[in-house]
Every structure is written in structure tokens, then in C-alpha cells.
Amino acid sequence: MSAYFWDKPDIILFIMIAVLVVDNLWAVYLLIREIIAVHEVEKVPSVISAHLPQELFNKMRTYMIHKSWFSIVNILLIVVFSGIMELYFGFYPWLWKVATKCSLSKWMQHEACVSIFFVLLLSIYMTLKACPGMLYSKMCLSDLHKRGTQSWTRRIGCEILETILAIIIMSLIVVSIVFMVLWLEEYTAVGLYVQSLLLTVLLILLVPFLIDPILGRRVPLENLTLLSELEHLTNVVDFPMHQVHILRVNDPNASSNAFFYGCCCLKRIVIFDTLLLNRGRKDLSSLEPEEVGKGLRDSQVAAVVAHELGHWVNGHFYKAFFMFQLHMILMLCLFHVLFSHGPIYQAVGFEEGLQPIIVGFLIIFGFVMTPYMTLSNFCMLSATRHFEYQADSFAWEMGYSKDLRQALLKLYADNLAFPITDPCYSSWNHTHPSMLDRLNRLEKLQQRRSS
């Protein structure tokens, strides 16, 4: 029976369609749960009422419900319906034939060139398919954040530049994938893993030096009181103070944030200046009126830094690295089994013996491996939320329980993060626990100490 299933393209096709439908209906179910959870709460929770006005809460609530319903319609029409049509009516073989006809010269008939044409055509199709939803979200889903406006010439210039860069990067990736498979053949999965490992290590080495120029510029901490408190805090856990960076972000609308990154001598704690009270400036005349008074007090900033130090003390960067490596190994083992199996290609409409490399990557990772990708994503999100709880516990142990609570309340309010979420939806979609969950966990820690 297993061999019968494994070798029948028709059965494989209907299983792929069933997986597509079930996976996205699960996402719709979670969104409906989220809508119900948001809809049932009409007043600001008392714990955050001092930081979040009822009028703003109402706008955020309406936005969340509107956005969730839009996501449901988008999933059902753009993902499920069009996905079924594409698989059932052989869209990918047809597009591959069109890409082949675009190869006018003999040298263009190489699979690498045809693959580039295929991906370009697919990108155009995906963009056109997403256009109605993009227009609706831009025109009907009003952004809660105030964003600076750019001139039309600047917007067009940025779009052209981004498109050119995307085409260049995409072409390089497609060519590297095709030649890797042609050269390595049955050892392709090993090559992909080695490539991903090298890229991960390269990112670990380079990102600490790229954070400053990409996000903003490093500035000294003008607040000497806060500087003294941070020096004391980092000395307690033996973290080098010179690796705590204050970053004056390029985008003044950037969320108030701080994060830990790296390992060994490359570790960093980066604090956005938007996290600091009045952006950490003594001269308030250089601030916009809405920026005055925003940010955290010194003790609250120290609580946030204590949370980030908790990530370092608990080795979360290393744990995340090895967790990702395990995920890559399992994923590529499955890929190795599936990639060369001809009936999968026949199931989506290709003739027997025709197995385009880049289409194989698209079908295997985009459709066939969906169950594994969904479950692995759930596991990794669960781990990251556990890391956040551990970092909060460390800040609590350092004596910053009250300040961390106040910092969380103010950050969620300043960043316009809606405080209500469904637990089931959150467990499948969020990297961080909700603000109310984190406050409840801190409260339980305090009660445990009192008892």
C-alpha cells in the first residue's frame, strides 16, 4: 500500500492539495480565535490603563479585527483557492514551458538560464496576484504608526533600486542552486547544509559590525546616572560594558527596542535611543513635540538591559544556533528523500523524466514539506517564548521585577502593541509571550518568593 501511494502521481497530487487546505484552514481557525479574543475585550485592561488611553485602544482593537478578517480572506482566495488551481491545472509546468521559449539563443537553453527566466516570470505573477491585497491594505488598513512621507521621485527611485538588487540576488541564488545540484547530485543535501552553515557563521561574524551602519549610528550615553547603573549591572555578571551600544536610529518611528546578539568577543547589547527617556538627550529642543516625554526611566532601562543579559547568561544564542542546525539537518534529510522522486513532479503536471531543479525546490519546500515546516516553526516559536520567560526571570532575580513590569507596560503602549491575544494563536505565531502573560509570570514569581 505504501509503495502504491508513493508511486502514484494522482494520489500524491490530492495529498498535496489536502495538506495545503488543512494547513491554511488551521491558520484561518487561529485567526478566528484571535478575532473572538480581541472582540470580547472592549475596555483597556486595568493593568495597562494608565499607559494606554481608551480611544487609542479602540482604534487598535478595530485595526486588529479588520486586519485579521483581511488576512482570512487573503488566505482563502490568494493562498488556498489559487494554490489549488495552480497545482491541479499544471501551472508550474506551463510556466516552465514559457521560460523555455524565452531562451532564444542556444546558450540560454542551459537549465540555469531557463531557471532564471522561470523565477522572474513567477515573481511577476506572484506580484500581480498580491496586488489587490496590497492596494487594499495600503488604502483601507490605516496604519496606527505615524510614518514620514517620501516624495514620489524618491519612492520610485527606491523601488527601482530594490527591484534591480532583488533580480541580481535572485539570479545568483538560482544559478548557485542549479549548479550545486548538477555537480553534487545525490550529495546535494550535504552541500546545502554546508552552505547554510557557512552563511550562518558568516552572519554571526559580520552582523555585529553591520548593526550600527544599517540601523543608525553609535552615540555615547549622556545620562551619567544610567551609565553608572549599567556599569554596575554588567560588572555583576561579568559582561563587558564597552559591548553595550547606544544606537541613534535612522528611523525616528522605529519601535523602542533593545536586543542581545552574538557570542564570545562578538557579543553585543544594542539599545535604541528611542528606548531612553527623551531619546537620551539633555537638549530637548532638537526633539519633535511627540518625542518629548517618551521612553523609559533609568531604572526601567536597567531592567530591560538585565533582561537582555538574561539571554546571555542562559546561553540563548548558542541554544538557538544549535536548534536551528538540528532543524536544518532534519529538513534536508527529508528534502534528500523527496527531491529526486519523479512522481512528485508528475503529480504537478511534468512529463515523466522532466524534473527541473528550481521547480523541485519550489514544490518540495513550498508544498510537500508543509507539515514539517509548520510543526518545526511551532517548536522554535515555543523555544523563543521560553527564552523570553527565562530572561524575565533573570531580571526578576536581579531585583528589577517592579521596574521590568513598568517597562513592559510602557513599551507595549509606546510601540502600539495590542495587549490582547488568544493563547492558541500566540503559540503558533508569536516569538514573544504577550505582555499580559509576561506580567502574570512575574507576578507568580513574586508570589512564590512571598510564600
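**Helix 2 and helix 12**

I looked up how helix 2 (residues 9–40) meets helix 12 (residues 357–368) and found an angle of about 50° with the axes 10 Å apart. Axes here are lines fitted to C-alpha atoms, for helices over the stretch in contact, and angles run from 0 to 180 degrees between N-to-C directions. Helix 2 is therefore oblique to helix 12; angles under 35 degrees count as roughly parallel, over 145 as roughly antiparallel, 65 to 115 as roughly perpendicular and the rest as oblique. I listed Met16, Val19 and Leu20 on helix 2 and Ile363, Phe367 and Val368 on helix 12 as the residues making the contact, where contact means heavy atoms within 4.5 Å. Sorted by class, the contact of helix 2 with helix 12 has six nonpolar, no polar and no charged residues. For these classes, Ala, Val, Leu, Ile, Met, Phe, Trp, Tyr, Cys and Pro count as nonpolar, Asp, Glu, Lys and Arg as charged, and the others, Gly among them, as polar.

I note that this is a predicted model, in which local features need pLDDT of at least 70 and side-chain atom pairs count only at pLDDT 80 or more, while totals for chains, interfaces and linings use all residues. Residues are numbered from 1 along each chain as its sequence is written, and side-chain values use heavy atoms, with hydrogens and water left out.

**Asn24**

I then checked Asn24, which is also placed in helix 2. Asn24 counts as buried, at 11% relative accessibility; buried means under 20% relative accessible area, exposed over 50%, partly exposed in between (1.4 Å probe, protein chains only). Not counting residues up to four places away in sequence, Asn24 touches Ile75, Val79 and Val80.

**Helix 10 and helix 13**

I took helix 10 with helix 13 (residues 370–397) next: the angle is about 175° and the axes are 11 Å apart. The two helices are therefore roughly antiparallel to each other. On helix 10 the contact includes His316, Met323 and Leu334, and on helix 13 it includes Tyr372, Met380 and Ala391. The contact of helix 10 with helix 13 divides into eleven nonpolar, four polar and one charged residues.

**Aromatic pairs**

A pair of aromatic rings is described by the distance of the centres and the angle of the planes. I applied the rule that rings of Phe, Tyr and Trp (its six-membered ring) pair if their centres lie within 6.5 Å, with planes under 30 degrees apart counted as stacked, over 60 as edge-to-face and the rest as tilted. The count comes to 23 aromatic pairs. Phe317 and Tyr318 have ring centres 6.2 Å apart and planes at 85°, so this pair is edge-to-face. Phe317 is buried, with a relative accessible area of 17%, whereas Tyr318 is partly exposed at 39%. Phe335 and Phe361 form a tilted pair, 5.0 Å centre to centre with 50° between the planes. This pair links distant parts of the chain, Phe335 being in helix 10 (residues 316–339) and Phe361 in helix 12, 26 residues apart. Both Phe335 and Phe361 are buried. I also recorded a cluster in which ring pairs link Phe91, Tyr92, Trp94, Tyr125 and Phe367.

**Charges over rings**

I searched for charges over rings (NZ of Lys or CZ of Arg within 6 Å of the ring centre and within 35 degrees of the ring normal). The charged end of Lys267 sits over the ring of Phe239, 5.9 Å from its centre. Arg441 lies over the face of Tyr389, at 3.8 Å from the ring centre.

**Ile246**

I placed Ile246 in strand 2 (residues 244–249). Ile246 counts as buried, at 6% relative accessibility. Its C-alpha atom is separated by 5.7 Å from that of Arg218, 28 residues apart along the chain. Leaving aside neighbours within four places in sequence, the contacts of Ile246 include Arg217, Val219 and Ile271.

**Positive phi**

Most residues other than glycine have a negative phi. I found Asp238 with a positive phi of about 60°, in the loop between helix 8 (224–236) and strand 2. Asp238 counts as exposed, at 64% relative accessibility. Cys264 has a positive phi of about 50° and lies in the loop between strand 3 (258–261) and strand 4 (268–272). Cys264 is exposed, with a relative accessible area of 51%.

**Whole chain**

Key
Helix = DSSP H or I, 4+ residues; strand = E, 2+ residues; numbered from the N terminus.
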